[in-house]
Amino acid sequence: MSRRKLPLWACNSSNHEQMDQKESPSDEPPKRRLRSNFVFPSEEKKEATLRIDYLPFIDYTGAIEYYTTLPDMAFSCNQLMDTLVQQSPTTDQDIPIAFDLEWPFSFKTGPGRTALMQLCATPDRCVLLQVSCLKRLPAALLELLYHPRVVLHGVNIKNDFRKLARDFPEVDADRLIARCVDLGQWYNQLNGSTLRWSLARLVEQVLKQRINKDKKVRMSQWNVLPLSADQKLYAAIDVYIGQQLYLNLAEKQRQQENADTPVPEEGDATVESKIVHQQAADVEKLPLTNSNHNSKQEPVGL
């Protein structure tokens with residue numbers, strides 16, 4: 001038989017008050033359950049912010065070469081490779097080339113096929129290849145990308161290689177990724193940070209300049225020919241400033257390596273050499289005694 005419960009008016013007043021205290025909501029807000037990786041606001045590392053309103057926009061005045069046919073693209077790639085090899089005759093010297101891609105994007109259908117490839121090996125020349133006109137990439141272009149001395153670089157460049165390989169199956173994305181340099185990751189290694197970078201933010205942080213990311217140009221139809229002058233300039237600036245970033249980070253790495261390598265002073269080396277020569281001279285002047293002559297004597301036969 002179940003136990004009967006008394007009504008509230010029949011309960012003891014003290015018990016009734018205790019029940020009211022238990023049932024009444026607390027004035028304090030409920031405590032939030034923290035995740036294991038939660039960081040209190042006072043311990044969060046705040047990223048240094050720049051007032052980009054005062055940073056100047058990038059001004060590119062170099063040459064922009066724009067090609068839309070396969071023979072012109074092949075000829076340009078051969079010419080570019082010959083020029084770079086002549087400028088860097090040392091066989092073990094890397095040849096950095098900024099790399100980027102552009103493609104149309106629709107909020108209904110998503111990203112379209114790769115339309116434009118940008119290359120920049122020197123600050124005064126940018127090459128734009130309208131690959132949307134091609135079914136296959138020219139062999140000269142692939143030879144340039146796969147060249148053992150060429151180092152392709154950019155921000156989030158690995159995703160560009162995967163995108164290019166999806167649109168052009170003859171491209172080996174893994175082979176390109178093995179030799180590329182991600183500028184954002186390189187910056188983190190040099191500065192001991194773990195931030196995620198876009199090209200615009202990295203330019204603001206390193207070069208103290210701004211990229212004009214006009215949405216009308218950035219979200220334009222890159223597969224519609226001919227490209228406008230604004231589109232060509234936008235595409236050229238992306239690789240031009242990428243080449244400037246690479247040169248800046250390479251110089252910073254050289255400075256760090258030189259600072260970590262101790263250089264012996266000339267006076268210390270002179271003193272050490274004099275001590276060695278003096279010890280050798282002292283050995284030659286030693287008298288030929290039994291103690292130092294026994295080691296050279298032939299053993300006496302029995």
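**Note on the sheet and nonpolar cores**

1. Leaving aside neighbours within four places in sequence, Val171 is in contact (heavy atoms within 4.5 Å) with Leu137, Leu142, Tyr146, Leu164, Ala165 and Leu176. The model is a predicted one, in which local features need pLDDT of at least 70 and side-chain atom pairs count only at pLDDT 80 or more, while totals for chains, interfaces and linings use all residues. Residues are numbered from 1 along each chain as its sequence is written, and side-chain values use heavy atoms, with hydrogens and water left out.

2. Val171 is also among the residues with the most contacts inside the largest nonpolar core, which has 37 residues, and Ile97, Phe99, Met117, Leu119, Leu129 and Leu152 are the others named there. Such a core is a set of buried (under 20% relative accessible area, 1.4 Å probe, protein chains only) Ala, Val, Leu, Ile, Met, Phe, Trp, Tyr and Cys residues joined through side-chain atoms within 4.5 Å. At least two residues of this core come from each of H2, S2, S5, S6, H3 (139-146), S7, H4 (157-167) and H5 (173-179), where helices (H or I, at least four residues) and strands (E, at least two) are DSSP runs numbered from the N terminus.

3. Strand S2 (residues 95-102) pairs with S5 (residues 116-122) in the antiparallel sense over five bridges, and Phe99 has Leu119 in S5 as its bridge partner.

Note on methods:
Pairing = 2+ DSSP bridges. Buried < 20%, exposed > 50% of the residue type's maximum accessible area, 1.4 Å probe, protein only.
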